[in-house]
Amino acid sequence: MYDAPDELIDRAAAALRRRHAPNPRLVSRIVALVEGRRRRWWRAVTWPSAPFSLSATATLAAAGLLLGFLSREATDSTGHDQPVAAQPGAQAIPLIPAARASGEAVPVPVQFTLRDVRASQVSLVGDFNGWSQTATPLEPGVEPGTWSVTVPLSAGRHVYAFVVNGKWMTDPRAQTAPDLDFGRANSVLIVQAP
Amino acid sequence: MRPSTDIDPAIPLRARDGDVEAFAELVEFFHVRCLRYARYMLGEEEDAEEAVQDTFVRVYDHLGQFRPDARFEPWLFRILANRCRTVRERRRRRESLVTTGELPAVAAEAEGMSQDLLEEVEAALEELPAEQREAFLLRHVEDLSYEDMAVITGVRLSALRMRVKRACDTLRIRLKEER
């Protein structure tokens with residue numbers, strides 16, 4: 001009843017459809033833009049030359065390294081407020097390199113952990129690895145159901161999610177940011193430069 | 001039934017895996033429709049090109065989020081519709097839907113519609129509320145299903161059907177008045 005055939009509407013729509021022509025200039029511009037960008041696979045992120053010290057974590061974190069979920073956009077508009085205990089836990093643990101080159105932006109090693117006894121395969125996806133489901137797998141820990149991976153992240157806001165047994169899920173302990181374009185929320189993490 | 005307007009599903013997956021040529025194929029395949037939609041939503045060529053360019057760059061940056069079992073077309077148009085809303089919001093002080101630049105007018109004649117009437121269609125389209133114009137363009141000009149439109153707009157099917165109906169009613173009245 002809503003889309004009954006209507007000659008006038010059909011003719012108007014057909015004319016509107018044919019109103020525009022290919023725009024090779026725009027196509028070239030877009031392709032050139034993305035070729036210049038490439039995918040952001042670990043872009044601008046390199047590990048520090050010296051290994052970082054796990055034992056330094058607590059001290060340095062207390063000294064001012066902030067890893068938080070402080071984005072203005074980081075509001076879960078979906079109203080999800082399920083108890084963490086009922087879900088797999090996830091925790092990002094800030095680590096800091098023991099040595100860094102002076103004057104250079106140094107990536108901050110960040111450990112992502114997840115607790116989910118049902119998981120048989122877990123990976124981390126985010127804007128820092130091109131949302132690749134294969135680039136950053138989490139390794140199972142000694143304790144059953146624990147998974148973790150450490151990745152170097154540049155300072156700034158990062159958006160990420162876990163893929164557990166092939167299904168995307170947000171980090172239940174992190175703030176989420178709804179993404180209108182892609183139809184699902186992701187977790188938000190802000191890393192401040194050490 | 002109109003032929004499918006979607007692309008070979010292997011191409012977005014190749015682009016997702018880093019194949020820039022595949023991405024260029026996507027742009028080549030969809031950019032005319034994207035430009036057309038953006039132009040009718042935004043009114044000006046410059047704004048439309050900006051929205052389309054932003055859309056494809058955003059698509060490129062987030063191809064990793066594109067699921068293998070998903071269809072590319074509604075995913076793309078969802079991003080485009082959001083970009084258009086952003087641009088429109090930023091420039092809403094512009095009231096007129098004035099098209100600039102050269103427009104190929106051959107199509108109007110090919111459809112048996114005079115240039116005058118085509119201009120009347122565009123003027124009537126301009127006067128529709130944005131959500132009705134969006135629904136009409138997606139349904140009747142871009143040939144998308146209501147299910148795809150729901151993905152694109154985040155609006156329920158019943159509301160979309162009502163928007164399309166109201167848009168058609170208004171256009172029909174306006175176009176008959178002009179005759």
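A residue counts as buried when its relative accessible area is under 20%, as exposed when that area is over 50%, and as partly exposed in between, using a 1.4 Å probe and protein chains only. By this rule A:Asp116 is buried, with a relative accessibility of 6%. The model is predicted, so local features need pLDDT of at least 70 and side-chain atom pairs count only at pLDDT 80 or more, while totals for chains, interfaces and linings use all residues. Residues are numbered from 1 along each chain as its sequence is written, chains are lettered from A and ligands numbered from 1 in the order in which they are written, and side-chain values use heavy atoms, with hydrogens and water left out.

Consider chain A as a whole. Helices (H or I, at least four residues) and strands (E, at least two) are DSSP runs, numbered from the N terminus. Chain A has 3 helices and 10 strands. Read from the N terminus, the order of its elements is α-α-α-β-β-β-β-β-β-β-β-β-β.

Chain A has 194 residues, and 46% of them count as buried. Its accessible surface, by the Shrake-Rupley method with a 1.4 Å probe, is about 10200 Å², and 54% of this belongs to carbon and sulfur atoms. A contact means heavy atoms within 4.5 Å. Of the contacts in chain A between residues at least 6 apart in sequence, 73% join residues at least 24 apart.

The next topic is charge. Side chains of opposite charge can pair when their charged atoms come close. A salt bridge is a side-chain nitrogen of Lys or Arg within 4 Å of a carboxyl oxygen of Asp or Glu. Over all chains, the structure holds 19 salt bridges.

One of them joins A:Asp116 to A:Arg118, with 3.2 Å between the closest N and O atoms. A:Asp116 is buried at 6% relative accessibility, whereas A:Arg118 is exposed at 61%.

In chain B, B:Arg14 and B:Asp19 form a salt bridge whose closest N and O atoms are 3.4 Å apart. B:Arg14 is partly exposed, at 35%, and B:Asp19 is partly exposed too, at 27%.

B:Arg71 and B:Glu73 also form a salt bridge, with their closest N and O atoms 3.1 Å apart. Here B:Glu73 is buried at 2% relative accessibility, while B:Arg71 is partly exposed at 39%. Both residues belong to a network of salt bridges that also links B:Arg33, B:Arg36, B:Glu142 and B:Asp148.
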